[in-house]
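Here are my notes on this model, as numbered points. Please read them with the structure open.

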Amino acid sequence: MTATSTKPDAPEASAPTQLTMAGALNAALRDAMEADDRVVVYGEDVGPLGGVFRVTDGLQARFGEDRIWDAPLAESGIVGTAVGMAMYGMRPVVEMQFDAFSYPAFEQMVSHVAKMRNRTKGRMTLPMVVRIPCAGAIGGVEHHSDSSEAYWTSTPGLTVVMPSNPADAYSMLREAIESDDPVVFMEPKSRYWSKAEMSLPVRTAPMDRAVVVREGTDATLLAYGPTVRTALEAADAAAAEDLSIEVVDLRSLSPFDDETVGASVRKTSRAAVIHEAAQFGGYGAEVAARVTERNFHWLSAPVLRITGFDIPFPSPKLEEYHLPTPDRVLAALDSWEWDD
């Protein structure tokens, strides 16, 4: 297929409609493919089935097998072929189906996807998106519930983002596909069925920016993906105890939005980060260190981490005890010494 770009006039916004996150991602892929015929989509079961979570439902019927197709069960090959396609001007969007399924492609991601621009002194870019359904709370087993963000964020050369709501899912995926650099697009599986009313096409904040989703004055909760809802529920519960909690949705895990996070932490003087992954060596460790280094003189207490436990992901019957909950967040905040 010839790699050519089409730039139609911007479509008029549709009437407001209720969309799930999965539906918003589907609409983003559809609109990106209609806007630019260099965009192709492939992965395991993304064709006639429409993906395990139906994110690609109906797209093959709309665009044909030349634009969206089922790949062999070989993640290294899926990402490796995307590298070649991106080098020759295509804009591939590949799906890893489940978080832990991406590990066979780790060498491709770290050695090639992340380094191509640097290796060629900027002469060659890789405009590709690797979609990774991630995290737990869906009753999945260990290979279907990983939170692998720390692997990707510790790899320079990769942009790593994770939306928490349908509007961001649409806007950030469109922006990721338009980017000339590779993007690891992590999709929290437990939020696929969350709903919001929106008019498409919608553009929210740039994908490299964090967003304050709840204003507060006493402490800042830093969350992303599935834990944004946890943070908001904890903030609601804290309000009953006369605590005013600010919630920041990080959205972009790498690069990190120091400006938005720093402004919130300096206002409240306290911070905690919430994620589903294990605590030791987890993404929250970097966030806590970064916040402390840049805002030390404004902090009234240590930066806390409320996370999953340092164990492999447990069985479905036990995952509710493993994942951060609003009660665990409130218990952690109680560990601070508060001035009367």
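Helices (H or I, at least four residues) and strands (E, at least two) are DSSP runs, numbered from the N terminus. This is a predicted model: local features need pLDDT of at least 70, side-chain atom pairs count only at pLDDT 80 or more, and totals for chains, interfaces and linings use all residues. Residues are numbered from 1 along each chain as its sequence is written, and side-chain values use heavy atoms, with hydrogens and water left out.

1. Arg 203. This residue sits in the loop between strand E8 (195–198) and strand E9 (211–214). Not counting residues up to four places away in sequence, Arg 203 touches Ser 171, Arg 174, Glu 175 and Glu 178 (contact means heavy atoms within 4.5 Å). The side chains of Arg 203 and Glu 178 are joined by a polar contact of 2.8 Å. A polar contact is a pair of N or O atoms within 3.5 Å; within protein, one must be able to donate a hydrogen and the other to accept it, and residues adjacent in sequence count only if both atoms are side-chain atoms.

2. Helix H4 and Thr 155. Helix H4 spans residues 106–113, and its buried residues are Gln 108, Met 109, Val 110 and Val 113. Their cover includes helix H3 (75–87), helix H5 (116–119), strand E5 (129–134), helix H6 (149–153) and strand E7 (183–188). Thr 155 lies in the loop between H6 and strand E6 (159–161). At 7% relative accessible area, Thr 155 is buried. Leaving aside neighbours within four places in sequence, Thr 155 contacts Val 110 and Ala 114.

3. H8 on H12. Helix H8 (residues 227–239) packs against helix H12 (residues 326–334) at about 60°, with axes 8 Å apart. Axes are lines fitted to C-alpha atoms, for helices over the stretch in contact, and angles run from 0 to 180 degrees between N-to-C directions. H8 is therefore oblique to H12 (under 35 degrees is roughly parallel, over 145 roughly antiparallel, 65 to 115 roughly perpendicular, the rest oblique). Thr 230, Glu 233, Ala 234, Ala 237 and Ala 238 of H8 meet Pro 326, Val 329 and Leu 330 of H12.

4. H9 on H10. Helix H9 (residues 258–268) and helix H10 (residues 283–295) pack at about 65°, with axes 10 Å apart. That makes H9 roughly perpendicular to H10.

Methods:
Buried means under 20% relative accessible area, exposed over 50%, partly exposed in between (1.4 Å probe, protein chains only).
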